[in-house]
Amino acid sequence: MRLTRPMLALTGAVTVLALAGCGSGGDGKAAVPETATGSLEHLAAEAKCKPNIQTDADTIRQAICKKGKEKYVLATFATDRGQREWLNGAKDYGGYYLVGRKWVAVGEEKTVTALRGTLGGTMEEGSAHMNPGGSHNSGGHHG
């Protein structure tokens, strides 16, 4: 059998899909989308939230969003360093954090887990001693 460019391209595509597991990982979990980026308003629109702006400063913009009866905080940052400093301080109070590039969503575990299906990002948990009923909370991150 003679290999041609179209056959090589097809073989390469099949190999990539096989190595990537077609995006599902084969473990039955839903694929997490690429992490969203943008302004507070853009992220809120992606999450289908009308943001109630609480803080509008040069370094941080913060809003409360509602999803049904649940509320969560959506914050954007001017710098990566500012975001990490904010997270390091906030995590002392416990909670669940969905973290993207220069943005964070904070709320109950089920709320931010659901948001991850829309915004992507990495799950992080606050201090275990501050999460009531969160005995499994190891203060680490997932994803």
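I started with D56, which forms a salt bridge with R61. The closest N and O atoms of the two are 2.9 Å apart. I kept in mind that this is a predicted model.

Then I turned to E70. Which residue does E70 form a salt bridge with? I found K110, with the closest N and O atoms 3.5 Å apart. This pair links distant parts of the chain. E70 sits in strand β3, residues 70-77. K110 sits in helix α4, residues 109-119. I noted a separation of 40 residues. I checked accessibility for both partners. E70 is partly exposed, because its relative accessible area is 24%. K110 counts as exposed, because its relative accessibility is 54%.

My next entry is K91 with E124. Their side chains meet in a salt bridge at 2.7 Å, N to O. Are K91 and E124 buried or exposed? I recorded K91 as buried, and E124 as buried too.

I then looked for shared partners. Salt bridges that share partners join E41, D56 and R61 into one network. That took me back to my opening pair, D56 and R61.

Last, I took the total.

How values were computed:
Residues numbered from 1 in each chain as written. Predicted model: local features only at pLDDT ≥ 70, side-chain atom pairs only at ≥ 80, totals over all residues. Heavy atoms only, no water. Salt bridge = Lys/Arg side-chain N within 4 Å of Asp/Glu carboxyl O. Helix = DSSP H or I, 4+ residues; strand = E, 2+ residues; numbered from the N terminus. Buried < 20%, exposed > 50% of the residue type's maximum accessible area, 1.4 Å probe, protein only.
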